[in-house]
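This briefing concerns one protein model and its ligand. Please view the sequence and structure below before reading the notes.

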Amino acid sequence: GQEKWPKGDEKSWKAAMRDLHTDLPEVTRSIVNHVQTSLARAPYNIDDFGAYQAAALSVRDNLIVNWNATQLEYSRKSPKRAYYLSLEFLMGRTLSNALLNLGLLDNYSSSLSSLGFSLEDVLVQERDAALGNGGLGRLAACYLDSSATQELPYGIFQQLIKADDGSQLEAPDPWLDHQNPWELPRLDITYEVRFYGNAQRWSEGTGRATWSGGQEVLAVAYDVMIPGYGTKCTNNLRLWESKPKRGFDLQSFNAGNYERAVESSNSAAAITSVLYPNDHTSFGKELRLKQQYFWTAASLADIMRRFKHLEKPISEFADYNAIQLNDTHPTLSIVELMRILLDEEELTWDNAWTIVTNTFFFTNHTVLPEALEKWPVPLMEHLLPRHMQIIFDIKKFPGDREKFSRLSLIEEGFPKQVRMANLAVVGSKKVNGVAELHSDLVKKNLLPDFVDFYGKSKFGNVTNGITPRRWLDQCNPSLSALITDTLKLDRNVWLKDLYKLEGLVAHLDDPQFQARWAAVKHQNKERLALFVERQLGLKVNADAMFDVQIKRLHEYKRQTLNILGVIHRYLLIKNKTPEERKKIVKKVVFFAGKAAPGYYIAKLTIRLIVNVARVINADPDTSQYLSLFFLPDYSVSLAEILIPASDISQHISTAGTEASGTSNMKFCLNGGLLVGTVDGANIEIAEEVGEDNVFFFGHLTPDVEDLRYQHTYHPVPVEQKSPALAHVLNAVSSGIFGGDGVYEPLLNTIRQGDFYILTEDFDSYIRALEMVDEAYADRTEWTKKSIRTTAKMGKFSSDRAIQDYAQEYWNVESIKL
Ligand code: GPK
């Protein structure tokens, strides 16, 4: 909008400004008012970004009213509260979601257009709040939406692709370059958080101690309002920023040592200044442990303060509070609550432990060993001496010592390490995985000793879910409208009860409905094509099949299998005569995703994808049949464009490694079909939509271990196992995609060891893709598959998942406002 600046319709602005007794809509007046007062800008002298800021502030006024009413009602009724403790919240944009949930989309759209702006252009001004890495962080955001519908950091780095060699570059996330209208600083709500110092035990046998000295840091609250859909209920996401307790050390300053004076304040502020960009790994860095304790200690102090206001006996703590741990990252809160109950409330060990183990619930999100957090005992003793004492005391507990010792919280070695997953299990009332298969693997492979000790009933499953508000209505408004029209139901009925989508099955054979369904998909493909053309300056054929894989780069997710499959297809097409080529199903392949900055193989995979794209998109023999795009800087907002446009998407992890996956649900909800392994939630999706609507391939979970064993002890060359794959690997080695040998380390992960069994799965993967081609050739049948898939996705609403947690775990009930 910069070029048309100042922008806007002067007459409307002037009318709105004149005074309050104009008959302009309230929304218009509110926007104009914010331009003049909050933004202190001259009338109609704003660009799209200014219009976004003013609209956001105006919507925020509405949110605040509901949010206050909700919090007041909670105080009045003192219900049991559930807390979702997470180090990640991958929120994306807020304005459009707030407008939808408040039911104000149409009002703001028309007010903005009366002022000379388009809602669509204004919405895209907002930067994503990317306080998370991937699935785990996005799940937390979906659960916030669902809780409300029924309760400062920098974000993830920005990904750039280097023009010369196609590799990933990381840049700081500019998210907070401007003030963020969605978070309310609560400078009055602060807690002191201690690090280091000494823990002095009281007399023997009390289990108590005094922790003093060290460094104290202030935690300052920032609140983000989370509106429910079709309700006034507006819950709170409370974030914490670290601040130095004292501005700086005056003594050092007076002594002329300025560096020293600001040192402590710098280190205090550093705690919440970065999001660790690693996904599925634990590095043992002191700052990360500091973050984990800082966030959980502040949250617990806050929970305790709120509980104290109720003036109930401390023994009833667990009747008023349930705390869900999003993976092991906030596990120290278990130890922190013990510390508070023992040292501050002066409870006995047994009474404190009873409260703790009735308060906490633990969700595991992966069985990959590299993701299981362990903290060196010496580091813990140094940073959190009191907590380390308590962990040692938990270890001595309880009756059946010999059996309990197998559940070791401490791993032997140099140094000894605290196993956070074990601590989380011992300190929680219930433990769950995130899909049926994963929850079984948690019981059988990850924690069998704990299942022995506690019995099966402590271990459950809550299959993940996604919010249909963002992941259907907002990202795919045309499909949402078609569904509403077809079901003859108000959209706020089916958006709140997603099983209602089954009503679409009755229209499966209606040719008119099929045509409208296909037209919506095509329109979304055009929208993506336009986006790619604007962003990358490249043309995309929206009539081709769109094949999408978008997720964090990780060997277990096997983006490598996908790109090798693309190369295989390219080589096949290249070898065909022009006449033969006419029969080929045209296809466009999209990738997006970030690699952790230190993950060498994952970064090499990106580089290979980018360079393969450069070669095949420029090849006149093949480019009209196959093209390939790596879209940089994957984000929630980019997902909202890609997902509605897919015909097929890839969820191809080595069986048994992807705990659930949640984008698989998003694609299917938008009528895209899956190519996948028999893993995670793919299995449950197939159960719902029917196996003939999912393209499964590959070995099953129980085979994987054997195959790895054979690889190690009876290795067979790739040439023998899969000549097709060997041919592809050789093509890359030969240098046709450039790189001068740089890809060898990536190729060698397959030639030697092949931990993720690409060799064993390659041929059946290629067959699955051929089946996709065949099915896609019959477009009417394909559309019917697409409709049936969407129709059967009711189970995967995060509303269902949150109800599971509320009933089976937290024992909390909804509050009617
Ligand atoms: C699991 F352990 C982790 C992790 O560190 N990060 C992350 O995003 C994901 N996850 C799983 O990989 C997905 O299968 C799952 O759907 C998601 O968590 C939410 O449960």
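A residue is buried if 20 or more other C-beta atoms lie within 10 Å of its own, exposed if 12 or fewer, and partly exposed in between, with C-beta atoms placed from the backbone. The model is predicted: local features need pLDDT of at least 70, side-chain atom pairs count only at pLDDT 80 or more, and totals for chains, interfaces and linings use all residues. Residues are numbered from 1 along each chain as its sequence is written.

**Backbone features**
- Ser 78 is not a glycine, yet has a positive phi of about 40°; this residue is partly exposed, with 14 other C-beta atoms within 10 Å.
- Ser 78 sits in the loop between helix 3 (48–77) and strand 1 (81–85); helices (H or I, at least four residues) and strands (E, at least two) are DSSP runs, numbered from the N terminus.
- His 280, also not a glycine, has a positive phi of about 60° and counts as buried, with 22 C-beta neighbours inside 10 Å.
- Phe 414 and Pro 415 are joined by a cis peptide bond, with omega about 0°.

**Domains**
- The domain assignment (automatic or from a database) gives domain 1 (278–461) and domain 2 (523–788).
- The centres of domain 1 and domain 2, taken over C-alpha atoms, are separated by 38 Å.

**Ligand**
- The ligand lies between domain 1 and domain 2, because both give residues to the shell around it.
- Helix 7 (residues 135–149) gives the most to this shell, with 3 residues.
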